Amino acid sequence: HTGLEVWESLLSLPFPDSSMTPGKKLEGLVAATITPMTPDGQVNLSVIRQYVDYLVSEQNVKNIFVNGTTGEGLSLSIQERKQLAEEWVRQGKDKLDHVIVHVGALSLPESQDLARHAAAIGASGIAVIAPFFFKPTNKDELVAFLQKVASEASGVPFYYYHIPPLTGVKIRVEELLDGIREQIPTFQGVKFSDTDLLDLAQCINKNESEQFAFLYGVDEQLLGALAVGANGAVGSTYNYLGRKTNLMLQAFAKPDHALAQKYQFLIGEFLNFVIKLGFGVAQTKAVMTFVSGIPMGPPRPPLVNASEEFIAKAKAKLDSIAWPDGD
């Protein structure tokens, strides 16, 4: 495929219309949303409307992944996760194409409860992380867990959220996908947050006829994933570098690989710089706050606020980058 053919051949979701843009296929960039908090650490729903408008108008991003790693989903109570999902769906109506709600939890009943709730509020999809305290040790155990969650939201596209660096569950996705539609009829794709491009490439190669979505989750090497056929990306940097990354996608699709490479190098230059300083969810909140002007607040313990020194250095670095489009 040329890049353009890859993008044009993306899946159409064979599911009932949600409250988002009906029938629109999941492709391109998906922002892993941050959970805004008040200075005293409560979830701050009041800025989500402004946040949605910022993503659409300033970053050209119309898909979101809610309550995932970036959203501190596993540090939130079940009630908070439901309130956030409701607010994102409410504010995204007629503005966003897809609101994917992460419903994974260590407790199966809680995960099932979140899945039922996401279906009831009209989420465009649900995603589930592998349980990471008591872990599934093989494909069958993992699929059995995922199936028990997916079956609670029978009309909703289901995505597996693969993030072995955080879960320690290293079951290869290529193996997981073999025959998965027989057990999970709503299965629609993977958020693939691992650096193993061989596994990703084999998934794409072996499942061409299935039209699954393969959404890559390691932002600093998205171009490599596009080269092996990923049809989109979910990540935290698309909150504040969405417009730049969209320009990289356009260059790749053209194809102007030299220009796409230039964008990837510059995005990587920023991420490499902040990773060396120590870069996690707290720092992402700080960067999004100074780039967007929307207060994201502190992270929830055990995470701690980004330092003033980090903020000053990250801001100076971002301001110093000379982008090919002249901004």
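Predicted model: local features only at pLDDT ≥ 70, side-chain atom pairs only at ≥ 80, totals over all residues.
The secondary structure of the chain consists of 14 helices and 8 strands. The radius of gyration is 18 Å, close to the 20 Å that the globule rule gives for 327 residues, so the chain is as compact as a globular protein of that length. Along the principal axes, the C-alpha trace spans about 50 × 50 × 40 Å. Of the 327 residues, 56% count as buried. Contacts between residues 24 or more positions apart make up 75% of those with a separation of 6 or more.

Leaving aside residues up to four places away in sequence, Phe 192 touches His 162, Val 173, Asp 199, Leu 200, Leu 215, Tyr 216, Gly 217 and Val 218. One of these contacts is Leu 215. Phe 192 and Leu 215 are 23 residues apart along the chain, and their C-alpha atoms are separated by 6.0 Å.

Charged pairs were examined next. Side chains of opposite charge can pair when their charged atoms come close. The model contains 16 salt bridges. One of them joins Lys 285 to Glu 72, with the closest N and O atoms 2.6 Å apart. Lys 285 lies in helix α13 (residues 281-292), and Glu 72 lies in the loop between β2 (63-66) and α3 (78-92), so the pair ties together parts that are 213 residues apart in sequence. Both partners are buried: Lys 285 has a relative accessible area of 1%, and Glu 72 is at 4%.

A further salt bridge links the side chains of Glu 269 and Lys 317, at 3.0 Å from N to O. Glu 269 is in helix α12 (residues 257-277) and Lys 317 is in helix α14 (residues 308-320), so this pair ties together parts that are 48 residues apart in sequence. Glu 269 is partly exposed, at 35% relative accessibility. Lys 317 is buried, with a relative accessible area of 18%.

Helix α14 also holds both Lys 313 and Glu 309. Their side chains meet in a salt bridge of 3.0 Å, N to O. The two residues are 4 positions apart, about one turn of the helix. Lys 313 is partly exposed, with a relative accessible area of 35%. Glu 309 counts as exposed, at 52%. Elsewhere, salt bridges with shared partners join Arg 172, Glu 174, Asp 196, Asp 199 and Lys 206 into one network. Asp 199 of this network is also among the residues that Phe 192 touches.

The surface carries a nonpolar patch made by Leu 106, Phe 133 and Phe 134. The area of this patch is about 410 Å². Phe 134 is placed in the loop between β4 (125-129) and α5 (139-150). At 71% relative accessibility, over the 50% limit, Phe 134 therefore counts as exposed.

How values were computed:
Residues numbered from 1 in each chain as written. Heavy atoms only, no water. Patch = residues over 30% accessible without salt bridge, like charges linked within 9 Å, V, L, I, M, F, W, Y side chains within 5 Å. Areas by Shrake-Rupley, 256 points an atom, 1.4 Å probe, with all protein chains shown as cover. Salt bridge = Lys/Arg side-chain N within 4 Å of Asp/Glu carboxyl O. Buried < 20%, exposed > 50% of the residue type's maximum accessible area, 1.4 Å probe, protein only. Rg over C-alpha atoms; globule rule 2.2 N^0.38 Å. Contact = heavy atoms within 4.5 Å.
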